[in-house]
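Hi,

Here is the structure I promised to pass on. Have a look at it first, and then read my notes below.

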Amino acid sequence: MAGSILLGLATGLNIPAQSEFLLELDIARAIGVDQAMSLLDALQRVGQVIGPVCVGAVMAIMSVDDAARWAGIILVAISLLFLLLVRPARHSGDRA
């Protein structure tokens, strides 16, 4: 139960951050706010389906421990790749 509550809280905090990040991108400005937010919503829904399907497929091939280990490694790798490749935009009011 605690895991479900924490997952809901994390999602609630994550959505505004993703929206803010998306709206700062040049491509989002080019296609417009409404279309960018629609695309974000569609991609989130696709990810909500593909993620569990992929983890389930891996669990069918491997043991649960190995599948959890690989899922964790891949999650950390993707997060590090994001941090390395994406540079936050500097606003005129920011101090660096």
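**What I found**

Ser-19 is buried, as its relative accessible area is 14% (buried means under 20% relative accessible area, exposed over 50%, and partly exposed in between, with a 1.4 Å probe and protein chains only). Before I go on: this is a predicted model, where local features need pLDDT of at least 70 and side-chain atom pairs count only at pLDDT 80 or more, while totals for chains, interfaces and linings use all residues. Residues are numbered from 1 along each chain as its sequence is written, and side-chain values use heavy atoms, with hydrogens and water left out.

Back to Ser-19, which sits in helix 1 (helices are DSSP runs of H or I with at least four residues, strands are runs of E with at least two, and both are numbered from the N terminus). If you leave aside neighbours within four places in sequence, Ser-19 is in contact with Met-37 and Leu-40 (contact means heavy atoms within 4.5 Å).

Helix 1 (residues 2-24) packs against helix 3 (residues 33-61) at an angle of about 135°, and their axes are 10 Å apart (axes are lines fitted to C-alpha atoms, for helices over the stretch in contact, and angles run from 0 to 180 degrees between N-to-C directions). Helix 1 and helix 3 are therefore oblique to each other (under 35 degrees is roughly parallel, over 145 roughly antiparallel, 65 to 115 roughly perpendicular, and the rest oblique). On the helix 1 side, the contact is made by Ile-15, Gln-18, Ser-19, Leu-22 and Leu-23, and on the helix 3 side by Val-33, Ala-36, Met-37, Leu-40 and Gln-44.

Now for the rings. The structure holds one aromatic pair (ring centres of Phe, Tyr and Trp, the last by its six-membered ring, lie within 6.5 Å; planes under 30 degrees apart are stacked, over 60 edge-to-face, and the rest tilted). Phe-21 and Phe-82 form this edge-to-face pair, at 5.6 Å centre to centre and with 65° between the planes. Phe-21 belongs to helix 1 and Phe-82 to helix 4 (residues 64-85), so the pair ties together parts that are 61 residues apart in sequence. Phe-21 is partly exposed at a relative accessible area of 34%, and Phe-82 is partly exposed too, at 42%.

Cheers
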